[in-house]
Amino acid sequence: MRTALSRNDLDMTIYRLSARMRLMRAISRILTLRQTILTLAEREVETIIVAYTHHQPAQPTTFAHYLAAVENNLARDTERMFGALSRLNLSPMGAVALGGTSFPINRTMTADLLAFDRPIENTYDAVSASDWQVELASIITVTSTTLSRVLYDLLFWASQGLIVLPDGLVQGSSVMPQKRNPVALEHARTKFSKAIGMTQSIILSSHNVPFGDINDPGPDMQPSLHSMWQEFREGMELMTVSLANPQLNRELWLLEAQHGESAVTELADAITRRSGNGFRDAHARIKRLLSDLHVQDRPLYTVTVNDLKTHGIDLSEADLRSALDPADFIARRTTLGGPAPQVMREELRQAQDRLEQDTAVHAGATERFINARIYLEGGENERRHIRSLLPS
């Protein structure tokens, strides 16, 4: 059994097999979260929210528009993970210590039996490379960072009473009876932060060390990888359950859109279409109008046609009210990727198709890896055992 075998290539093979299993589980959880988000988005296509830029109210949009943007990010993360899988799923077996062997082994057969895509072409590379571990850490950093930003928004909305989590995901107070603290979101944020922390340890373990078989990117890195996967898994599970069925205060969100200034861009657009003088001129007029309203301590929704006329703006009452209506604002945004309901429904349909394609790719790879293990270890009991290790 020791012929043409070293701890070096055996260790690297086991590390890759373990990472392959963890990566497949991570992809599965991302696919589940994407489905959860799309299901919620389909329910909220016409739910008006106010989008913020630079921590300030910006424009009306829909909750579905926001969720679709998040799903877009996760779709790219899925793509990154499939790409990483193609570079991870290479066989070090047969590299031995680093120089290969003088025995006539078949490295391609070994790779096939373990469901690797192919042997690593260079035997020195096979026992020395840590790029695949750094790449996995980088992808987890990207995904965790995106979801941490989403959690910021969810926690902000929860603090304003715009979104409420179910009872099992909140925590009360021993003193304040009214409290419904969204602790599931807080714990998820912590989990992603800890996962990112672990990724930095992984990257630094591969930094400024010899390119060869050493402990730093080998056995010493495995505990950090284990912790990274665990924290990421728990963060994903909390995120998914939090978005499964949140309660939205649609009336309060609509009131913010109607009584704020977020729709004023459409007023400038309407003036531009009416006057033909260009958007820059309309923009300047609206800024002066808003300045006057602020001096008078009047909200935008109280503006009249006469107010417009004092600034040389000629709009009918109907055009004015339509321009300040958040629903009309959204309905006019019909360009590709916009929030108009008919556009949004088509975008969600395409996103669902993309998700189903990714799910099929994942299922095919999973079946291939399971069948390889069954072939080596044999039996239906082994199949059931492997299935039990996979996320439901």
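Which residues does Ser 206 touch, not counting residues up to four places away in sequence? In this predicted model, Ser 206 touches Ser 130, Val 134, Pro 217 and Met 221. Ser 206 lies in the loop between helix 6 (183–205) and helix 7 (222–242). One of its contacts is polar: the side chain of Ser 206 meets the side chain of Ser 130 at 3.0 Å.

The packing of helix 2 and helix 5 was examined next. Two packed helices are described by the angle between their axes and the distance between the axes. For helix 2 (63–88) and helix 5 (131–159), the angle is about 170 degrees and the axes are 9 Å apart. Helix 2 is therefore roughly antiparallel to helix 5, since angles over 145 degrees count as such. By class, this contact has 15 nonpolar, 3 polar and 5 charged residues. On the helix 2 side, the contact residues are Phe 63, Tyr 66, Val 70, Asn 73, Leu 74, Asp 77, Arg 80, Met 81, Ala 84, Arg 87 and Leu 88. Helix 5 contributes Trp 132, Glu 135, Leu 136, Ile 139, Ile 140, Val 142, Thr 143, Thr 146, Leu 147, Val 150, Asp 153 and Trp 157.

Both helices also take part in a pocket lining. The largest pocket has a volume of about 840 Å³. It is lined by 28 residues, of which Ala 51, Tyr 52, Tyr 66, Asp 153 and Trp 157 are the closest to its centre. Tyr 66, Asp 153 and Trp 157 also belong to the contact of helix 2 with helix 5. Strand 1 (48–53), strand 2 (56–62), helix 2 and helix 5 each supply at least two lining residues. Helix 5 gives the most, with 7 residues. By class, the lining has 15 nonpolar, 10 polar and 3 charged residues.

Definitions and conventions. Residues numbered from 1 in each chain as written. Predicted model: local features only at pLDDT ≥ 70, side-chain atom pairs only at ≥ 80, totals over all residues. Heavy atoms only, no water. 1 Å grid on protein atoms, 1.4 Å probe; cavity = no way out; pocket = protein on both sides within 12 Å on 5 of 7 lines; lining within 4 Å. Points joined across faces, edges and corners; volume = space filled by probe spheres on them. Helix = DSSP H or I, 4+ residues; strand = E, 2+ residues; numbered from the N terminus. Nonpolar A, V, L, I, M, F, W, Y, C, P; charged D, E, K, R; others polar. Axes fitted to C-alpha atoms, helices over the stretch in contact; angles between N-to-C directions. Parallel < 35°, antiparallel > 145°, perpendicular 65-115°, else oblique. Contact = heavy atoms within 4.5 Å. Polar contact = N/O pair within 3.5 Å; in protein donor to acceptor, adjacent residues only side chain to side chain.
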